[in-house]
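Reader: I would like to learn how to read a structure such as the one below. Please take the features in turn, with the general idea first and then the case.

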Amino acid sequence: MTQTPSRKREAASTREDILAAARRLFTEKGFDATGVRDIAGEVGINVALVNRYFGSKEALFEEAVIEQVTVTHLLDEGRDGFGERMARYMGTKDLAPDTLDQTLVFVRSIASPTVGSHLKQALEDRVVTPIADWLEGENRQQRAALIASEIIGFDMLRRVAGLSSLDPEHIDIVASRLGSTLQAYVDDIGP
């Protein structure tokens, strides 16, 4: 039996609704605390449909979260001035409630025995390696990992912990200080 165009649109819409609900719940609760029933309930569908579209909660996490991890868009403008651009971006970004928050998902899911190793691999493959490939000079992999650690650590303290001294109203001093640290990694300045 062939699907009619409206059924195909419904299927695509349902699939996107499942992904959106999964991103929200994985961000809010992490992988282990989010059940397939929670996701199905948020979308208003039967649990069997989630499994039909994705096969498993792990496969859903892979598509909803892991495949979204990327930094390439942050590297487009080149190495000159990267530190300050990145610091300003990280110091002022606020995510809409329905947006995947990669930092929160990471914090809330990295200890998962089921997907923790997938997150670690995604961090290596989708964050550190693209930055390392973009850098020039020696010790690129280590410098890229340090850039990632500065960015993730800053984001955790500013948005997750809510450290007021890192609020957007302090962006000039934050961008100057954090920006110069990030730029030193980019330019390979140091011992």
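Reader: How many positive and negative side chains does the protein chain have, and how far apart do the centres of the two sets lie?

Author: In such a count, Lys and Arg are positive and Asp and Glu are negative, while His and the chain ends are not counted. Each charge is placed at NZ of Lys, CZ of Arg, CG of Asp or CD of Glu. Here the protein chain has 22 positive and 30 negative side chains, with the centres of the two sets 6 Å apart.

Reader: What should I know about the model itself?

Author: This is a predicted model, in which local features need pLDDT of at least 70 and side-chain atom pairs count only at pLDDT 80 or more, whereas totals for chains, interfaces and linings use all residues. Residues are numbered from 1 along each chain as its sequence is written, and side-chain values use heavy atoms, with hydrogens and water left out.

Reader: How many helices and strands does the protein chain have?

Author: Helices (H or I, at least four residues) and strands (E, at least two) are DSSP runs, numbered from the N terminus. The protein chain has nine helices and zero strands. Its C-alpha atoms fill a box of roughly 65 × 35 × 35 Å along the principal axes.

Reader: What part of the residues is buried?

Author: Buried means under 20% relative accessible area, exposed means over 50%, and partly exposed is in between (1.4 Å probe, protein chains only). Of the 191 residues in the protein chain, 37% are buried. Accessible areas come from the Shrake-Rupley method with a 1.4 Å probe, and for residues only the protein chains shown count as cover. The protein chain exposes about 10,500 Å², and carbon and sulfur atoms supply 50% of that area.

Reader: Which residues is Asp-155 in contact with, beyond its neighbours within four places in sequence?

Author: Contact means heavy atoms within 4.5 Å. Asp-155 is in helix H8. With a relative accessible area of 0%, Asp-155 is buried. Leaving aside neighbours within four places in sequence, Asp-155 is in contact with Met-90, Lys-93, Thr-103 and Val-160.

Reader: What share of the contacts in the protein chain joins residues 24 or more positions apart?

Author: Among contacts with a separation of 6 or more, residues 24 or more positions apart account for 68%. One case is Leu-135, in the loop between H7 and H8. Leu-135 and Tyr-185 are 50 residues apart in sequence, yet their C-alpha atoms are 9.0 Å apart in space. The contacts of Leu-135 outside four places in sequence include Arg-79, Ile-147, Tyr-185 and Val-186. Leu-135 has a relative accessible area of 2% and is therefore buried.

Reader: Where does the largest pocket lie, and what is its volume?

Author: Rolling a probe the size of a water molecule over the atoms shows where empty space is left. On a 1 Å grid over the protein atoms alone, a pocket is an open set of points where a 1.4 Å probe fits, with protein on both sides within 12 Å along at least five of seven lines; lining residues have an atom within 4 Å of a point. Grid points are joined across faces, edges and corners, and a volume is the space filled by probe spheres set on the points. The largest pocket has a volume of about 520 Å³. Of its 27 lining residues, Thr-70, Val-71, Lys-93, Gln-102 and Thr-103 lie nearest its centre. Helices H5 (82-92), H6 (102-109), H7 (116-134) and H8 (140-160) each give two or more residues to the lining. The largest share, five residues, comes from H7.
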